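Thanks for coming, everyone. Please bring the model up on your screens. I will walk through it piece by piece.

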There are 2 protein chains.
Amino acid sequence: MASALVYNGDFSAAKSPASTSRVASVYSEVQNSRLDHSLPLPSVLKSSFKVVHGPPSSAAGNPDEIAKLFPGLFGQPSAMLVPGESSEFPSGLKLKIGVVLSGGQAPGGHNVISGIFDYLQDRCKGSTVYGFRGGPAGIMKCKYVVLTPEFIYPYRNQGGFDMICSGRDKIETPEQFKQAQETALKLDLDGLVVIGGDDSNTNACLLAENFRSKNMKTRVIGCPKTIDGDLKCKEVPASFGFDTACKIYSEMIGNVMIDARSTGKYYHFVRLMGRAASHITLECALQTHPNITLIGEEVATKKETLKNVSDYIADVICKRGELGYNYGVILIPEGLIDFIPEVQHLIAELNEILAQEVVDEGGLWKKKLNEQSLKLFDLLPPAIQEQLMLERDPHGNVQVAKIETEKMFIQMVETELEHRKQKGAYKGHFKGQSHFFGYEGRCGLPSNFDATYCYALGYGAGALLHCGKTGLISSVGNLAAPVEEWTVGGTALTSLMDVERRHGKFKPVIKKAMVELDGAPFKKFASLREEWAINNRYISPGPIQFIGPVADKVNHTLLLELGAQG
Amino acid sequence: MASALVYNGDFSAAKSPASTSRVASVYSEVQNSRLDHSLPLPSVLKSSFKVVHGPPSSAAGNPDEIAKLFPGLFGQPSAMLVPGESSEFPSGLKLKIGVVLSGGQAPGGHNVISGIFDYLQDRCKGSTVYGFRGGPAGIMKCKYVVLTPEFIYPYRNQGGFDMICSGRDKIETPEQFKQAQETALKLDLDGLVVIGGDDSNTNACLLAENFRSKNMKTRVIGCPKTIDGDLKCKEVPASFGFDTACKIYSEMIGNVMIDARSTGKYYHFVRLMGRAASHITLECALQTHPNITLIGEEVATKKETLKNVSDYIADVICKRGELGYNYGVILIPEGLIDFIPEVQHLIAELNEILAQEVVDEGGLWKKKLNEQSLKLFDLLPPAIQEQLMLERDPHGNVQVAKIETEKMFIQMVETELEHRKQKGAYKGHFKGQSHFFGYEGRCGLPSNFDATYCYALGYGAGALLHCGKTGLISSVGNLAAPVEEWTVGGTALTSLMDVERRHGKFKPVIKKAMVELDGAPFKKFASLREEWAINNRYISPGPIQFIGPVADKVNHTLLLELGAQG
């Protein structure tokens, strides 16, 4: 079967003990050294435990609607594992569990799978784990691989999702739910673990509800994955992958900073992945102390215009010029322009106009723009205008993500500084260098934190399925404490949900956790940014270390949100 | 003095023992952990040594011309330090030594300086080291800082050149030589260490000759610096910074590879720094095993056209498509298009035409291109055509380095694959993602190899000045062996030189060491690339580790060139 080649990576044949020698030949020393890295487990997972339930749960918003959408699951209490003996975890049980990776890569996904696998090996000997291939489509098409110790071994503590790969399909339509049911019945699944972001966990909950409504035995547990860091709440303090991705980006930013300071003649405009929320950019700022950091949520709250933002950049550059600094580093979240109201309007109008295909070379079509949008359009550098006009997705919409915001700002700032220079208000030299750090961070070797956190998430998910839970998201807490003291349990997915009205219907959604302007990470940043802007307080975090005294350091955002020192 | 702010970075006030606490506040844990990393010295440098001289040297080419250009220095033997006692290294001597960083950043520069400083502290107590600021201009303007243990400490094992910064000026004209003489006299310099690439070391030799011709006591020693890896020869087996930069790029490439394999739908086109030679790209290929690697020297030797190269890429993509792989990773050296003869011709013609400013909107100017150049120009994607027309340097020349070759190939390959698809010869899906890895690698924390190598280069340079040598380049050899067994000495800079005819005059040049197609690194790559193209043999080197069993691994290129296993 040719398609198997696509999914298997280098380990398609790695099912025999001979695979270890094979690993050695295609792995770097660092990859190899990580294979046998031993992962500490929270104490509670190391001996016998029982479940303590919380009070009945509600929803993040519109509980009545959520209750209607999830009649079987709504109101479930949280489940916390605590030391003790309990018949809830029957011994001798052999479970059949499926696992699926959904959406974009995040470092640590493989460890969630090994956590699930090891739990079942440790506590439900003789169980079977099915890895669905290529994301949710693998469930619908019943494409899977049976996971064995030999198959899993080469992926332990490794980055990427290549063990079973991922996909962006959703299980949404009645036929799709039917396909999922058929797979669950065919494999006689006791449970399914969905490793994904906000959408995928919403989907997991719908699947749990669906299976329950059909009186099927298949339980569904979610796990919080996304480098963007926007799937989190009190009970689920972090999504995995964020820690590693931010450290990789910060390594590069720190290097560029030292270069900027050494060379003394470039402003580096760094665009960072993170489409919706600006958590990554904020965390990288806390790690590296750039001169300027743009946070989408702040720009939106203050209803900034594009001109405001580029003027702010120009202001800082002018001030620095007066001090003799003609260099600097500026962080820009990938989704920034989505946060600017006037840009949203312009794009909406462009989508309309482009749909009617009345774009003429002479530019008469521009008369269809309203006054403000026209002004904004004319302000944009030609290359960006072109990107706005040319790049459209299959639905005919402008592809905002493809706009090279960092280059746009370089050109806008350059123009502004030229004006100021002519007026005598700026005497420095400006040269911009653009960077986009994105794909580099999604598949790095997981940091010790992500490796350990993911393993606990998976091990905990195994326990939740063992005691028959469904519709929960695996929740590992108390993360500022030593691993031994981490808490392990599950939180009702419905309690994270609100509804959105789409096409006249209520749709359940797990709301993305955006950067909160009164949250500790943003407040710390806001209290320091003026100092960082003018005085150079660059910090270069260097490459992630896996051993030694610095290897277990956790990201600032998490620590600050937990009230610990970031 | 305002300009001091520009050069001093965060440590302008770091001259008191209190500086360590200051360091802690602006350094990351990894940076801090590197400060006290102890550096092993080659055994010969640990006790008393004497000098053994080689036979008289010649030149890399045109020895007669080199002899004329360097009447005072030509023919100097190499100097090797060996254990023993000798009056050549008088005790009690107090030297005044200047040091300068020249050209682009390379990880390890700070360690060369600390090596020089420590040598003088250890063996010539009471000596003074002047750090010239901002590169060779610092010599000419006599801008310097007196280096102290407290001043140097925060830069030990750190990346960047920010201790004294660098610059790209050259000491060329008679007045500039006079300025350098005046500085040397004013500071009563016994010696000067020039840390730089091929041009800077040529300059160092001219300076050495000039000082000697004026009967000045100031000696000049060079040190081989460049991430590009193109300053090397038998006696100087490596330029510093190459090891670290390649490891940083390879970390990113490896991450992108795992992402490509996990996602299964993108071809990543990665452009890598390295303007003249393709050593960086070759080394990164040996570290990561990409599907396609373009080597400029091979493209030039085979007289490839741009179309040949993009067809080669398309061929591999088609073959992979047949196997079900619609993803891959392609490495492209920054300087590639400089190696393509037809592109050189086109650019030469464009420079002519643009100089005359007859470019009309209608495109009539294109008639001035010869047939082949016109055909090539029309083959290029519009964005690249524009870059060729718009971006000119102050001399009116096209800025080849600014051309985004990776995007150019994405578009050319896309067009070619579209043709093939229409003819039924390609059935896969192609989506390109572009990357440029450059600045990230120039200022990273030096790898253990670069940290140790640089320290030995500097320590050795101190010894060469101590025994009165001039016109040599610090040479540390036997690098495949343990550090204790490394050899230390100096090689006549004139022996590395050839002449080039410029403006009717002979100019001495140290020839850039290009990738040799019959050298061991290229041969190893060539023997494996077909395997890498079709089967996925990706290796993800991961982040540089500073401690543990993998920390001391050296790059493949060096080991292969030294006949050791790469």
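In chain A, the centres of domain 1 and domain 2 are 36 Å apart, taken over C-alpha atoms. Keep in mind that this is a predicted model. Where do the domains run? Domain 1 of chain A covers 41-241 + 444-510. Domain 2 of chain A covers 245-441 + 517-548 + 557-562. Who takes part in the contact? Domain 1 of chain A gives 17 residues, and domain 2 of chain A gives 20 residues.

Stay in chain A for one annotated residue. An unreviewed UniProt entry marks A:Asp198 with the annotation "binding site". Find A:Asp198 in helix 9 of chain A, residues 198-213. Is A:Asp198 buried or exposed? A:Asp198 counts as buried because its relative accessible area is 12%, and the cut-off for buried is under 20%. What does A:Asp198 touch, leaving aside neighbours within four places in sequence? The contacts are A:Leu231, A:Ile510 and A:Lys512.

Now switch to chain B, and to the sheet. It is an open sheet of four strands. The order is 9-10-8-11, and the pairing is parallel. Strand 9 (292-293) and strand 11 of chain B stand at the edges. Each has a single partner strand, so one side of each is left without a neighbour in the sheet. As background, strands of a sheet pair through backbone hydrogen bonds, either parallel or antiparallel. Look at one pairing. Strand 8 and strand 11 of chain B pair in the parallel sense, over six bridges. For a landmark, take B:Val270, which stands opposite B:His435 in strand 11 of chain B.

Next, helix 17 of chain B. Helix 17 of chain B has 18 residues. From first C-alpha to last, helix 17 of chain B reaches 26 Å, close to the 26 Å expected at 1.5 Å a residue. Its buried residues include B:Met408, B:Phe409, B:Ile410, B:Leu417 and B:Arg420. What do the buried residues of helix 17 of chain B pack against? Among the partners are strand 8 (267-272), strand 10 (328-333) and strand 11 (432-437) of chain B. Helix 13, helix 15 (371-379) and helix 16 (382-390) of chain B are partners too. After helix 17 of chain B comes B:Gly424, with a positive phi near 80°.

Last topic: salt bridges. Over all chains the count is 54. Start with B:Asp311 and B:Lys307, which form a salt bridge at 2.8 Å, N to O. Both lie in helix 13 of chain B, residues 306-322. They are four residues apart, about one turn of the helix. B:Lys307 is partly exposed, at 31% relative accessibility.

Then take B:Arg420 and B:Asp315. Their side chains meet in a salt bridge, 2.8 Å from N to O. B:Arg420 is buried at 13% relative accessibility, while B:Asp315 is partly exposed at 35%. Over in chain A, salt bridges that share partners join A:Lys307, A:Asp311, A:Asp315, A:Glu416 and A:Arg420 into one network.

One more pair in chain B. B:Lys302 forms a salt bridge with B:Glu298, with the closest N and O atoms 2.9 Å apart. B:Glu298 counts as buried, at 8% relative accessibility.

That is the tour. Questions are welcome.

Methods
Residues are numbered from 1 along each chain as its sequence is written. Chains are lettered from A and ligands numbered from 1 in the order in which they are written. This is a predicted model: local features need pLDDT of at least 70, side-chain atom pairs count only at pLDDT 80 or more; totals for chains, interfaces and linings use all residues. Side-chain values use heavy atoms; hydrogens and water are left out. A salt bridge is a side-chain nitrogen of Lys or Arg within 4 Å of a carboxyl oxygen of Asp or Glu. Buried means under 20% relative accessible area, exposed over 50%, partly exposed in between (1.4 Å probe, protein chains only). Helices (H or I, at least four residues) and strands (E, at least two) are DSSP runs, numbered from the N terminus. UniProt positions are given in the numbering used here, feature names are shortened, and annotations may be inferred rather than shown by experiment. Contact means heavy atoms within 4.5 Å. The expected span of a helix is 1.5 Å times one less than its number of residues. Two strands pair if DSSP finds at least two bridges between them. Domain bounds come from an automatic or database domain assignment.
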